[in-house]
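Subject: Structure handover

Hello,

Here is the structure for your files. Please open it alongside this note; the findings follow below.

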Amino acid sequence: MKEILVSNVEKWLTPHLERVFDIKYTEQLKHSNYSSFNPEIPYIIGFEYIGEFTDVGALGDVLHLVAQCGKLKTIIFLSSYGVYAPKKSSFKESDIVCPKNFVGTRAAILEDILVYLANRYSLDLTVLRLFNPYGPYQVSPYVVPTVLEKIACSGTVNIGDSEKVRDFFYISDLIDLLTLLIEKNPKGIDIWNVGSAIPMSISSLITKAQEVTGGECDVLFDATKLREEYDYDYAVADISKIKKELGWEPKVSLEEGLALTYQWILGRSGK
């Protein structure tokens with residue numbers, strides 16, 4: 001298996017990465033990880049485990065050092081749709097970057113740092129602006145596992161705004177994309193949206209999950225679930241660019257993905 005270095009990505013992704021790669025994972029990149037870098041080893045980085053703006057600067061300092069010393073060549077950044085200025089139609093990569101919350105802001109800052117380093121030190125950088133991946137090992141408070149867990153126990157889903165629209169895609173499609181990128185090793189700087197391009201409201205997701213599983217759950221409005229920071233009303237990807245330039249598009253339907261995730265949840269709960 002291909003060896004890759006991984007840091008600052010959500011832990012639920014690591015079991016999926018381990019199925020296809022030999023990964024060296026660190027939760028939060030620090031100067032002590034300097035020796036792990038090798039220009040022959042691709043580096044996948046996310047924007048998790050960053051609690052303050054000073055954490056972004058510290059991460060940038062480490063990346064600058066390893067790039068400056070020639071220990072880094074290929075970077076894949078798992079960014080977020082949260083970098084975009086809100087709109088009521090599908091997001092394109094050419095849309096304005098103007099984040100409205102901390103999640104989007106830290107992703108946008110890291111994008112800028114990585115683009116600077118790629119230009120300054122001739123690195124190969126792929127920025128993947130992820131929409132809503134889901135699948136086994138992802139747990140609450142994410143909406144898909146929350147809904148499926150409540151269906152499994154005939155419980156109640158507490159929702160802040162069920163009419164918000166999202167773009168869900170199954171984890172294996174993301175892993176397939178990462179495998180493709182490692183194999184093709186595109187040169188220069190690329191930015192691509194990653195999603196299904198299918199709008200799905202939270203209320204429709206709940207209905208679909210009940211249809212797929214054959215189970216039921218109650219839905220209750222809960223004002224405490226409304227986020228303090230800005231939360232997008234509509235977040236759906238336009239994936240025409242990545243389909244044209246890389247030949248990637250998701251293969252797993254929402255129905256199939258929900259069924260696979262539900263089976264994992266049942267197995268985990270012993271049902």
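Leaving aside neighbours within four places in sequence, V66 is in contact with Y34, F37, K71 and L72 (contact means heavy atoms within 4.5 Å). This is a predicted model: local features need pLDDT of at least 70, side-chain atom pairs count only at pLDDT 80 or more, and totals for chains, interfaces and linings use all residues. Residues are numbered from 1 along each chain as its sequence is written, and side-chain values use heavy atoms, with hydrogens and water left out.

V66 sits in helix α2, residues 53-68 (helices are DSSP runs of H or I, at least four residues; strands are runs of E, at least two; both are numbered from the N terminus). V66 is buried, at a relative accessible area of 0% (buried is under 20%, exposed over 50%, partly exposed in between, with a 1.4 Å probe and protein chains only). From V66 to D124, the C-alpha separation is 14 Å. Along the chain, these two are 58 residues apart.

Now the cavity. D124 is one of its lining residues. A search of the whole structure finds one cavity of 30 Å³ or more.

β4 (74-80) and β5 (124-130) each supply at least two lining residues. β4 gives the most, with three.

Best wishes

Technical notes:
1 Å grid on protein atoms, 1.4 Å probe; cavity = no way out; pocket = protein on both sides within 12 Å on 5 of 7 lines; lining within 4 Å. Points joined across faces, edges and corners; volume = space filled by probe spheres on them.
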